[in-house]
Structures are given as C-alpha cells and as structure tokens.
Amino acid sequence: FAVRGQELSLPIVVRVVDRFENAVGGVDVSFSLPGGEGVVQPATATTDLSGETSVAWTLGPTAGPQRLIADAGSASVDVDAVATEPPAALQPASTTNTTGTVAMPATAAPSVTVLDAQGAAVPGVAVAFEVTAGGGTIESAAPTTIGAPALDPIVSGPLVVLSNAEG
C-alpha cells in the first residue's frame with residue numbers, strides 16, 4: 001500500500017536465477033507499467049553478482065490496484081500494489097487530555113487514527129508526533145509507519161502533542 005502519486009517506501013527488488021536456482025549477474029531487466037500510470041526508475045537495470053537489481057516505483061495518480069512488470073528475456077514477473085487515497089484527517093484515538101507525574105511516562109499516551117476523505121481508517125501512513133509546548137519527550141518521535149489505523153507513541157513529561165500524517 002502507498003498513497004497514490006507517491007513512491008513506495010521500499011524499492012522493488014528482482015532476482016534473476018537460472019534453472020538450477022543459481023543467481024545470474026549481468027542480466028538486463030526491463031520494467032514497465034502496463035496501465036501507463038506512475039513512474040519506475042530506472043526503466044532498465046542490470047543484475048549484480050547476486051542476480052539482483054532494484055527500482056523505485058512511484059504509483060500513478062489514481063487510487064486502486066496498479067501493476068509493474070519486470071522482464072528479463074523470456075522470464076517475467078508481475079508486481080502488484082494498491083494506491084490509496086491521501087489521508088484527509090487525523091482523529092484522536094485516545095483521550096486528548098491526560099494528566100501524570102512529572103518525568104514519568106504519561107498514563108494514557110496520545111494516539112490518532114488516519115482517515116481518508118470518506119472517513120475510513122487508512123493503514124500504512126507515516127505519522128509523526130512532536131512536542132509543541134510544555135516540555136517533555138516522545139520516545140517514538142520519528143515518523144512511524146503504521147500497519148493498523150491507530151498509532152500510540154510513548155510519551156513522558158508535560159507536553160502538547162502535534163500529530164502530522166505525511167501524504
């Protein structure tokens with residue numbers, strides 16, 4: 001899953017092997033998008049000594065299933081991805097007011113659910129939490145890719161938290 005029009009978070013890796021499952025280096029692999037949407041970079045890549053090559057895939061602008069085809073001579077493989085709608089809103093998934101003891105983890109960590117324009121939860125969106133006032137720390141302050149709709153950072157100290165969904 002990735003937001004439509006954005007690059008997948010991990011490269012697409014293709015491995016070329018012979019009939020005995022031995023890696024084959026020096027093979028040109030061509031990548032194409034049969035739907036014509038999106039961008040694959042580079043369009044052709046050569047396998048290394050381990051028989052692998054990789055490309056970056058930016059999904060097309062339309063939400064829904066998308067396909068990348070990798071061709072190496074007579075062999076080919078399809079790679080499928082689903083383009084999602086960009087997040088439209090962050091909804092608190094826990095209380096927005098909590099109290100606790102100074103220098104101790106909060107008793108109820110803030111959490112959010114990322115919603116699309118129709119109000120449905122969107123999994124796999126990077127969300128960053130940031131202290132904006134009051135001091136304190138967030139142990140998982142770096143953007144965290146979530147597989148489930150809600151994200152709970154670990155927090156301590158007095159703080160005001162700002163959440164930001166990328167996309």
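Trainee: Why is R4 called partly exposed?

Mentor: R4 has a relative accessible area of 30%. Buried means under 20%, exposed over 50%, and partly exposed lies in between, with a 1.4 Å probe and protein chains only. So R4 counts as partly exposed. This is a predicted model: local features need pLDDT of at least 70, side-chain atom pairs count only at pLDDT 80 or more, and totals for chains, interfaces and linings use all residues. Residues are numbered from 1 along each chain as its sequence is written, and side-chain values use heavy atoms, leaving out hydrogens and water.

Trainee: What makes R4 and E85 a salt bridge?

Mentor: Their side chains meet at 3.0 Å, N to O. The definition asks for a side-chain nitrogen of Lys or Arg within 4 Å of a carboxyl oxygen of Asp or Glu. The pair therefore qualifies. R4 sits in the loop between β1 and β2, and E85 in the loop between β8 and β9, so the bridge ties together parts 81 residues apart in sequence. Strands here are DSSP runs (E, at least two residues), numbered from the N terminus.

Trainee: How do you know that E85 is partly exposed?

Mentor: Its relative accessibility is 32%. E85 therefore falls in the partly exposed class.

Trainee: What makes R67, D78 and D80 one network?

Mentor: R67 forms a salt bridge with D78, with the closest N and O atoms 3.6 Å apart. R67 lies in strand β7 and D78 in strand β8, so this pair ties together parts 11 residues apart in sequence. D80 also bridges to R67, at 2.7 Å between the closest N and O atoms. D80 is in strand β8 too, 13 residues from R67. Shared partners join R67, D78 and D80 into one network. A search of the whole structure finds 3 salt bridges.

Trainee: Why is T84 called buried?

Mentor: T84 has a relative accessible area of 15%, so it is classed as buried. T84 is found in strand β8. Its contacts (heavy atoms within 4.5 Å) include F1, A63 and V122, not counting residues up to four places away in sequence.

Trainee: What makes β3 and β5 a pair?

Mentor: 3 bridges join them, and they run antiparallel. Pairing needs at least two bridges found by DSSP. So β3 and β5 pair. S30 stands opposite T44 in β5.

Trainee: Why do β1 and β5 count as edges?

Mentor: The open sheet runs β1-β8-β7-β3-β5, with mixed pairing. β1 and β5 each have a single partner strand, so one side of each is left without a neighbour in the sheet.

Terms used:
Helix = DSSP H or I, 4+ residues; strand = E, 2+ residues; numbered from the N terminus.
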